[in-house]
Amino acid sequence: MKDRLRDALKSSRADYREIRVERTWSSAVAFRGRRLEAATASEDVGGLVRVLHKGCGWGVASFTSLDRLPAMVARAGELSRAVRLDDPIRLAEVFPREADAVLDLDGDVRGVPLAEKKRLLEAYNGAMLAVGDRVVDTQASYRDEVSEVWYANSEGTLIYQLRPEVVLSGTAIARRDGVIEKGLESLGYRKGWNAAQGRETGFRAVAERAVALLDAPGVKGGTYPVVLDPELGGVFIHEAFGHLSEADFVYENPQAREMMTLGRRFGKPVLNVGDNGAAAGLRGTSPFDDEGTPTQDTALIKDGVLVGRLHSRETAARLGERPTGNARALSFRHAPIVRMTNTYIAASRGGGTFAELIKDIPLGVYACGAFGGQTLLENFSFTAAYGYMIRDGQVAELVKDVVLAGNLFQTLDRIERVAGDFQWNQMGGGCGKGGQFPLPVTEGAPHVRIEEALVGGDVAV
Amino acid sequence: MIADLLGAVRRRAQGGDALWRREERTGLAFESGRLKSATTTEEAGVNLRVVKDGRVGVAGTTAADTATDGLLDRALASAALGETLDLTFPPPSPLPHVPTFIDGAANASLAALIGVGQELVARLNRDGCQLNVAIEREVSETEIANTAGAAGRYRATGVGVGVDLTRIAGDDVLMVYDQYVGAALPSAAELDALVRSVTTRLELALTVVEPPEGALPVIFTPAGLAAILLPLEQALSGKAVLQGVSPLGGKTGERVFDERFSLTDDPLAAGRAGSRPCDDEAVPSRPLRLVEEGVVRQFVYDLETAARAGTTSTGHGRRGIFGKPGIAYANLLVGTNGQPATDAWQPGGGLAAGLRNGLIVEDLIGVGQGNVIGGTFSHPVALAYRVDRGEITGRVKDAAVAGNVYELLKRIGGFGSDGRWLGTRFAPSLLLEGVSVARR
């Protein structure tokens, strides 16, 4: 394959050429209620060529038939030439390298019969159903894959990567009369079969929570001190702040660049945020991005001040900054764009425990987990999976319908305390941008306290 | 290719069906008013479903270069684990005619597509705004067949033109988006409508006004209606009924909505993105009244859900290359005619004139989160305008709307004269009374 890539690169005289070829084996099992929905195994093969002629824009060609590789290199060249630019695209320099990055397959999923995978998921699905009659419906899914990725460019970089992934998810629906509640479990690892074992407890817990939520009151809407658990804190920093730190948001937009000027204060000194594509063993981790740039730990907010952003080679060159290894593509069907990897709020040194974080809150909300979140630049809305009231410094009753909405800048500035109990949330799902979803990412945070945030839920109807 | 595959299926299993699809896409991305990239995509693959010993299995591949034996082996392995299901494949039958392939779109040169983008850039570029335009043209060929003898084969074209304008002033971010989607290239009139829609929305949004508060009349524009229609789309799926989670389950024949409210799925709408002569399981297409004059008439089914529910497929099977078929709508219409109005670019379609104090909702944040099917929603606004004594006075920020769609649709305050297609959905603006509007 490496020789095929080298030969195809040589066939074009464009100023810059790159080729990515992928072969992915995957299998998936899904249950709905007690019924098996599907158990399938698939194979997906294809490639992408990206070409840049001097003074021109990108020409991109993706394909599923590898026999078409030489023709597609030529086609991408024609497309590039059709895009005339007076302000040429430049790429920041990256040292060329040859590397094989082979991850531990951790129990190669390709060697495990589909029937075994079905049995495993049946047990997890059964753990949710066993919680009782109130659990009226479940969805459980298992997905694994092993991918081989070859990447080569005309500057001499040639990289081979082999990586596994395994993702488990479960939804439990509890119902009593007209009241319907759900619980959601989501696990994802850049590992293999071994990592999928022994996960019953988590599945049972979400079904128990769905049932408990039937009796829980909706949170009373209003403004409260809010403590985010590490899961919601991670989702928050990814959705509400992370996307603004992707340099393709600012590199062609002077007003956006002004809004995201390095040196601008975004929060109190306790706030530290970063993105680390080189962290060990997470779903967003990879030694190189999809332009062959080594990944790294990039500081975005340091002591409350904006200090960095995430780059591809193109955005880095445009802004005169260094590439950070954040050019990522969902698959061979897409050209790489600037994406997050593993995004985090760092633990605060001496930040203390969760108990210390809440002990002086007379009345507040402890928001946990995430059913979803959306941001529209400076505005965001997050639906927590569940929550608790905080009363007199203690966790009190379970509440539901906890929706946080607000303005990003105000909310970041109101993060007043950050605990020391950092954790990565190793979940399934992924991030969506520019039609590329779900890209594997990880988020992490310790418990975070916001001095004041709007909590919706029982808005009068 | 499919014929050979089904021949092998007949030898090794009781039955099966297969879909082969080849797509070729050309994409253009204009960033900040400049053409930055041109992309081509060629993709082909096969999705195979087999029934063996009464059990159903599925497999898919894009590695079509390799022998189909491997695909059949994987489908049989999948069937060995599958649950038993009395799946009946549809018999041969004539397919209705629907125009899905437009020569002008299929043959449009790269230069012609670039020309469409350049025209939009020239007409929409303005100082202080970032303008992105995305153009995509798709040509596809689909072949579906089963061992009962049914077969369908058609070509289709699809053109999408998306425009977004972002204006940042200090920490205020304004985004205005609109799109054209159809089987043909946009006509001059359709490009005019797109330009007028985006400029009107932008200009109305430049002034920021205080949000109103309380239980108010709110106009949901065709784009803003997504939050209102999503719960219905989920509740009208036969699968939701089968699982016992549809609030509309068991209500066939009951008047649940305002008697002027109708919902139709029309796979035969000429030149629309969701149109096709048959679904992805070779069931012939036909228009289907889901809600008629406020009365629930019909739920949508694919073959598997229909088999489990003891009914017949309504022709709503959709499948990709990987995974098994599922239920999907073709072209969903609020009302029935699907004829775009001439003043579709005007927010609210004339409904604002009758309002003393209210809101026009264009876009909400977080649609699809939470317990959608139950019908209760609560979303901050992404783009909304205030209506004060019949006039649209400006954009409202920091407001949220909430309500329950089943309650709100019992009595509709009015239908706008701005019916239009947005992707595969046709709707006018709807005026809903008593929507909870909160300030933040």
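Predicted model: local features only at pLDDT ≥ 70, side-chain atom pairs only at ≥ 80, totals over all residues.
The contact between the two chains takes 60 residues from chain A and 59 residues from chain B. On the chain B side, at least two residues each are supplied by strand 2 (34-52), strand 3 (55-61), helix 2 (68-81), strand 5 (151-169), strand 6 (172-182), strand 16 (376-388), strand 18 (399-404) and strand 22 (430-439). Strand 2 of chain B gives the largest share of this side, with 12 residues. By class, the side of chain B that touches chain A comprises 27 polar, 21 nonpolar and 11 charged residues. Strand pairing also crosses between the chains: strand 3 (residues 58-63) of chain A runs parallel to strand 2 of chain B, and six bridges join them. Within strand 2 of chain B, B:Thr39 stands opposite A:Val60.

Chain A is divided into domain 1, covering 2-215, and domain 2, covering 222-456. The centres of these two domains of chain A, taken over C-alpha atoms, are separated by 22 Å. In the contact between them, 34 residues of domain 1 of chain A meet 29 residues of domain 2 of chain A. The domain 1 side draws two or more residues from each of several elements of chain A, including strand 1 (16-32), strand 2 (35-52), strand 5 (135-153), strand 6 (158-176) and helix 4 (200-215). Its largest share, six residues, comes from strand 7 of chain A. The side of domain 1 of chain A that touches domain 2 of chain A has 18 nonpolar residues, with eight polar and eight charged.

An open sheet of six strands is present in chain A, with the order 11-10-9-14-25-22 and mixed pairing. Strand 11 (305-306) and strand 22 (423-425) of chain A each have a single partner strand and stand at the edges, so one side of each lacks a neighbour in the sheet. Strand 11 of chain A pairs with strand 10 (residues 297-302) of chain A over two bridges in the antiparallel sense. A:Leu306 in strand 11 of chain A is the bridge partner of A:Ile301. Helix 5 (residues 230-241) of chain A packs on this sheet and touches strand 9 (273-276), strand 14 (342-345), strand 22 and strand 25 (442-445) of chain A. The direction of helix 5 of chain A makes about 120 degrees with that of strand 25 of chain A.

Helix 3 (residues 114-129) of chain A has 16 residues, which at 1.5 Å a residue should span 22 Å; the end C-alpha atoms are 22 Å apart, in agreement. Among the buried residues of helix 3 of chain A are A:Leu121, A:Tyr124, A:Asn125 and A:Met128. The buried residues of this helix pack against strand 1, strand 2, strand 5, strand 6 and helix 4 of chain A, together with helix 2 of chain B.

In chain B, helix 6 (residues 226-235) is mostly covered, with seven of its 10 residues buried. These include B:Ile228, B:Leu232 and B:Glu233. The buried residues of helix 6 of chain B pack against elements of chain B, among them strand 8 (214-220), helix 7 (238-242) and strand 15 (357-364).

A:Leu162 is found in strand 6 of chain A. This residue counts as partly exposed because 14 C-beta neighbours lie inside 10 Å. Not counting residues up to four places away in sequence, A:Leu162 touches A:Val102, A:Leu103 and A:Glu148. A:Trp150 is 12 residues from A:Leu162 in sequence, with a C-alpha to C-alpha distance of 9.0 Å.

Terms used. Residues numbered from 1 in each chain as written. Chains lettered and ligands numbered in written order. Contact = placed C-beta atoms within 7 Å. Helix = DSSP H or I, 4+ residues; strand = E, 2+ residues; numbered from the N terminus. Nonpolar A, V, L, I, M, F, W, Y, C, P; charged D, E, K, R; others polar. Pairing = 2+ DSSP bridges. Domains from an automatic or database assignment. Axes fitted to C-alpha atoms, helices over the stretch in contact; angles between N-to-C directions. Expected span 1.5 Å × (residues − 1). Buried ≥ 20, exposed ≤ 12 C-beta atoms within 10 Å, placed from the backbone.
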